[in-house]
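Hi everyone, thanks for making time.

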Amino acid sequence: MFDCEIKFAMEKKYKRNYIVNKHQHPCYEIVFYIDGEGESIINNTTYKFKPNTFTICRPNTFHKEVGYSKVELIYIGFDVLNDNFKIQEGIFNNDNYDILNELSEIYNELENHKEYYEKNQGMTFTSFDDFVCRYLGLDTGADWQSVTRQ
C-alpha cells in the first residue's frame with residue numbers, strides 16, 4: 001500500500017512557441033498535453049508530444065520542454081510515500097482511459113479548495129492514489145495496453 005501527496009498542480013495555455021528551460025523537481029511530475037505539439041527532453045532523451053499524450057519525470061530528473069504551436073497542458077507534481085518501486089519515465093499515449101478527465105478533476109479540486117490544501121500541506125489525495133495505481137501500472141492488474149509508451 002502507498003499514498004501519493006500532491007506537490008503542485010498547474011494548468012497552462014501557451015499562445016505561441018515557448019521553451020521551459022532545463023530544470024528538475026524533488027518529486028514526480030506528470031505533464032498532460034491537451035493540445036499542441038512539441039518536444040519534451042527528459043534525462044537527455046527527446047520525446048515528441050502531441051495532443052492526448054503525457055510525460056512522466058522521476059524526482060530530480062532534469063527535463064526541458066519546447067512547444068511549437070499553441071499548447072494547452074496540465075502539470076501535476078507528486079510524491080509517492082512508502083515508495084518501494086519506480087514509476088516508468090518517458091512519454092505515453094492516452095488511448096482507452098480518460099486520464100485527462102481525472103487530472104482535470106484533481107486540478108479543479110485543488111484550485112477550488114486552495115485555502116484548505118495550503119493549510120493542510122501533506123494531505124494525500126485518495127483519487128490521485130487510485131489514478132497512480134490504475135494508470136501508471138502500480139497494481140498487478142494494470143492494463144498497459146491502454147497506456148503505452150510511444
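Let's start at Lys22, which sits in strand β2, residues 18-23. This is a predicted model, so keep that in mind throughout. Is Lys22 buried or exposed? Its relative accessibility is 55%, and exposed means over 50%, so Lys22 counts as exposed. Which residues does Lys22 touch, leaving aside its neighbours within four places in sequence? Those contacts are Asn44, Phe62, His63 and Lys64. Thr61 lies 39 residues away from Lys22 along the chain, and their C-alpha atoms are separated by 9.8 Å.

Now over to strand β8. Nine of the eleven residues in β8 are buried, so the strand is mostly covered. β8 pairs with β3 in the antiparallel sense, over seven bridges.

On to the nonpolar cores. The largest has 17 residues, and Phe54, Phe78 and Leu103 touch the most other members. At least two residues of this core come from each of β1 (3-14), β3 (28-35), β6 (53-57), β8 (71-81) and α1 (99-112). There is also a second, separate core of twelve residues, with Tyr14, Val31, Leu73 and Tyr75 among them.

Finally, a word on confidence. The chain averages a pLDDT of 78, and 67% of the residues score at least 70. Where does pLDDT stay under 50? That happens over residues 138-150, for which the model has 41 contacts beyond four places in sequence.

Key
Residues numbered from 1 in each chain as written. Predicted model: local features only at pLDDT ≥ 70, side-chain atom pairs only at ≥ 80, totals over all residues. Heavy atoms only, no water. pLDDT = per-residue confidence, 0-100. Contact = heavy atoms within 4.5 Å. Core = buried A, V, L, I, M, F, W, Y, C linked by side-chain atoms within 4.5 Å. Buried < 20%, exposed > 50% of the residue type's maximum accessible area, 1.4 Å probe, protein only. Helix = DSSP H or I, 4+ residues; strand = E, 2+ residues; numbered from the N terminus. Pairing = 2+ DSSP bridges.
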